[in-house]
Amino acid sequence: MATTGNSNRPKKPSKKRKKFNKKKAAIWLLVTAVMGAACAMAGYMIILLNGERLYQVNKDKMEMSEAAVFYDVNGKEVTTMARENRELVTLAEMPEKLPIAFVATEDKRFNEHEGIDFFAIGRALVTDIIERRAAEGGSTITQQLAKNMFLNADKSPIRKATEASIAKALENHLTKDQILEMYLNRIYFGKSAWGVKAAAKKYFNKSDLKKLELWEMATLAAIPKAPSYYNPIDNPENSKERRGVVLLLMYQQGYITEAEKTQAQAVDYVAPQVAANKDYVAFLDYALSEAIDKTGLTEDELLRGGYQIYTTLDPVAQKAAETAFANPDFFQKNGPEQMMQGGMAIVNNKDGGIATMIGGRDYKTKTWNRAIKPRQPGSSFKPIIEYAPALEKKGMNPYTMLKDEKLSYGNYSPSNWDNIYSGQMTMMKALEKSANAPAVWLLNEIGLKIGMDFAKSLDIPFDEKDSNLAIALGGMTRGVSPLQLASAYTAFANNGLLNPAHSIVKVLDSHGEERYKFKNDKPKQVMSPKTAWNMTVMLKNAVDVGTGVNARMNRPVAGKTGSTQLDLKGLEQYYRDVWFAGYTPEYTAAIWMGFDNTDSKHYVNGGSGRPASLFKDIMTKALAGKPVTQFQKPSNVPDVTQPPQGITDLKGEYNKDRKAVKLTWSAPIGTERLSYKLYRKSSKDADYGDPILSATTELEDFTTKPGESYQYYVVPVNMDNNLEGGASNVVTVMTEEDKPGGSPGQGNNGNGSGNNGNGNGNGNGNGNNGNGNGNNNGSVKPSPTPTPTPTGSGSPKPTPTPSGSVTVTPSPTPTPTPTPTPSGSPVSGTPRGGTPTGSPGSGN
């Protein structure tokens with residue numbers, strides 16, 4: 001019988017959950033552990049066997065890795081650098097706490113592990129995970145010795161395993177004392193010092209290690225972690241901080257007392273005075289540093305990897321500079337505690353290669369390199385911060401007129417170094433005389449931002465406090481280095497192109513493979529060829545007839561002197577720094593002279609003639625074997641045209657009969673086609689009116705009013721190019737009041753009674769005023785000083801128009817129409833400067 005629904009359908013058997021079998025799990029766990037142990041044992045045996053094999057092959061390997069070779073610009077070998085600065089020393093020759101300092105810092109379980117500290121490795125891994133970076137290492141002293149002694153500078157995935165295997169072998173064959181002694185003789189301490197004895201001599205000038213004090217031992221133990229960062233010569237503050245860590249570890253591990261720790265932490269490091277060493281040291285130090293930066297290798301890797309380092313060194317120029325800096329005749333007498341110092345850099349104009357570097361008169365390897373240390377540049381900074389920017393950004397030219405007056409800009413009141421002011425002068429003359437007032441005025445006119453941005457394009461760095469007008473005279477917070485200044489000046493000599501200053505051409509490894517090569521296919525165009533050429537014209541003039549005359553030599557030179565004023569009471573007439581920056585068609589050089597620490601006993605007592613003379617001596621010898629060349633004007637740049645000479649003999653007198661003021665002057669010599677602009681203002685006018693044009697050297701003004709005083713000056717204009725000369729002297733003329741004539745013998749200023757005359761009127765007693773020296777009749781009152789800029793606006797082209805009309809007679813030729821805004825006129829403006837923070841340059 002059929003049924004409906006699912007009631008009779010057979011049910012599926014339900015799945016039973018398997019019970020956890022602890023026995024089987026234990027068996028699997030045991031098997032896994034045994035297999036892991038077997039693998040670990042096998043790995044351990046491999047490490048041991050590999051380490052033993054490497055040890056046996058290399059146990060007698062005590063020679064250095066291959067030295068680095070340096071080559072000059074001609075491809076000739078200059079020197080080699082390797083692990084030569086090493087002296088072996090035994091533990092018995094060391095003070096007890098010296099090796100303890102290293103153990104406490106680098107490997108506190110040194111006496112407990114067998115070459116590999118698994119506890120330290122685990123701790124390092126945990127720290128790295130927490131920090132999410134490689135924050136802590138786990139290498140033991142034995143591993144570090146293995147790396148330094150048997151392995152080269154190459155890095156590979158199996159490097160760490162190899163290091164561990166060799167460490168185990170070392171522990172099997174050597175005692176702990178032997179390992180520690182070898183370690184202290186092998187590790188690198190920076191500054192080309194390998195081993196603890198070489199380091200003690202380098203940093204403390206102590207050959208007997210037993211004489212080391214606790215703070216010195218801790219200082220040495222602090223270095224290996226990062227030699228370039230913790231060595232006390234380069235980074236005394238970092239070194240002292242790391243020394244404190246070493247002393248704290250020694251105290252925590254019971255090696256020293258708290259009192260010893262505190263006393264050793266407090267000592268400040270002072271580098272020892274040691275004798276100077278081999279040739280080219282400043283250049284080679286700089287080149288090594290650059291090679292490290294460009295290749296990404298450490299100093300240790302470079303000096304033991306067999307690298308070939310090709311440089312830009314010119315050995316002839318370098319030797320000439322070293323010889324000159326060793327000659328005391330170029331320097332003033334040494335102070336009681338310091339010698340006068342100097343620094344210099346010579347750069348190739350065409351490619352930016354550093355040909356020469358002098359770090360000081362007594363420079364030692366890895367010490368204070370004055371060629372790359374900033375000092376305030378004084379007036380040698382003027383071409384960079386105001387003159388070149390004015391040409392490039394404001395369309396001025398070498399004969400643009402600049403204001404030369406004693407002015408104040410807020411709280412800043414710069415002075416000319418000779419306290420003489422001419423009212424106005426051309427840019428060419430201002431640079432020649434190194435006048436301060438026109439320089440500051442010019443930077444104020446073009447704007448601080450324009451000047452600073454231009455300097456930055458030349459790779460000149462600024463401090464945030466430098467944004468004030470004092471930088472017009474080189475008054476910077478930190479300053480510039482000789483290398484930075486020389487590099488910037490190369491753009492003037494190279495048609496406005498700037499190449500990065502560099503000392504490395506290329507670096508090859510021991511197999512001849514290129515590791516680095518200098519490439520600069522597109523030098524930076526920092527200014528137009530026209531600006532660069534005009535700067536060269538002005539700077540050459542400054543050497544030919546200006547403040548840089550001591551640098552003149554047997555080939556063309558362009559350059560600028562500089563000095564910074566001493567601000568010590570009673571010694572303000574002396575200097576902190578003196579400079580010369582200049583160039584020939586081939587090389588640019590900048591020289592600084594002064595004292596490292598200026599005080600009342602150590603200051604510069606002479607001007608910038610010293611560095612200029614030193615420049616001449618060095619460059620003459622450096623270029624002796626090269627043909628004399630000239631500065632070449634770019635083909636598309638027009639010649640620099642000099643405007644007409646200024647007029648200095650303007651005369652004026654009032655003619656009673658014609659009721660006119662007659663003005664006469666002499667034509668400037670050297671320009672044939674001239675016209676003239678005459679400017680006038682009355683005693684009632686605030687400023688000079690529009691110019692009156694004349695084609696001759698005389699003019700009559702019929703529009704004067706009786707009884708008023710008038711001032712006049714004249715400006716010559718070259719009719720061929722519309723260039724204006726400087727403003728003439730100013731003359732003042734008093735016109736005469738209209739009065740009835742006197743009777744014979746009774747003239748007011750007749751014979752014997754002239755108010756302002758000589759007692760002899762020319763009218764025989766018949767005129768109200770005689771024709772001679774009567775009451776201001778026809779007299780000219782010249783300005784007490786010839787002031788070419790008669791108004792405070794800074795421009796000889798006035799805006800107000802004087803009343804009345806002026807008749808010009810005679811006028812035999814048509815009157816020319818000069819350009820509305822002549823290039824020779826100074827630009828007017830309002831001072832923008834605030835209170836300067838840098839020291840002012842003294843201008844010469």
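Biologist: What do the side chains of Asp362 and Lys364 meet in?
Modeller: A salt bridge, 3.4 Å from N to O. The term means a side-chain nitrogen of Lys or Arg within 4 Å of a carboxyl oxygen of Asp or Glu. This is a predicted model, where local features need pLDDT of at least 70, side-chain atom pairs count only at pLDDT 80 or more, and totals for chains, interfaces and linings use all residues. Residues are numbered from 1 along each chain as its sequence is written, and side-chain values use heavy atoms, with hydrogens and water left out.

Biologist: Is Lys364 buried or exposed?
Modeller: Lys364 is buried, at 12% relative accessible area, while Asp362 is partly exposed at 23%. Buried means under 20% relative accessible area, exposed over 50%, and partly exposed in between (1.4 Å probe, protein chains only).

Biologist: How many salt bridges by this rule?
Modeller: The count is 26. Another one of them joins Glu708 and Lys684, at 3.3 Å from N to O. Glu708 is in the loop between β19 and β20 and Lys684 in the loop between β17 and β18, so the pair ties together parts 24 residues apart in sequence. Strands here are DSSP runs of E, at least two residues, and helices runs of H or I, at least four, numbered from the N terminus.

Biologist: And is Glu708 buried or exposed?
Modeller: Buried, at 9% relative accessibility. Lys684 is exposed, with 68%.

Biologist: New topic. At what angle do helix α2 and helix α10 pack?
Modeller: About 95 degrees, with their axes 9 Å apart. Axes are lines fitted to C-alpha atoms over the stretch in contact, and angles run from 0 to 180 degrees between N-to-C directions.
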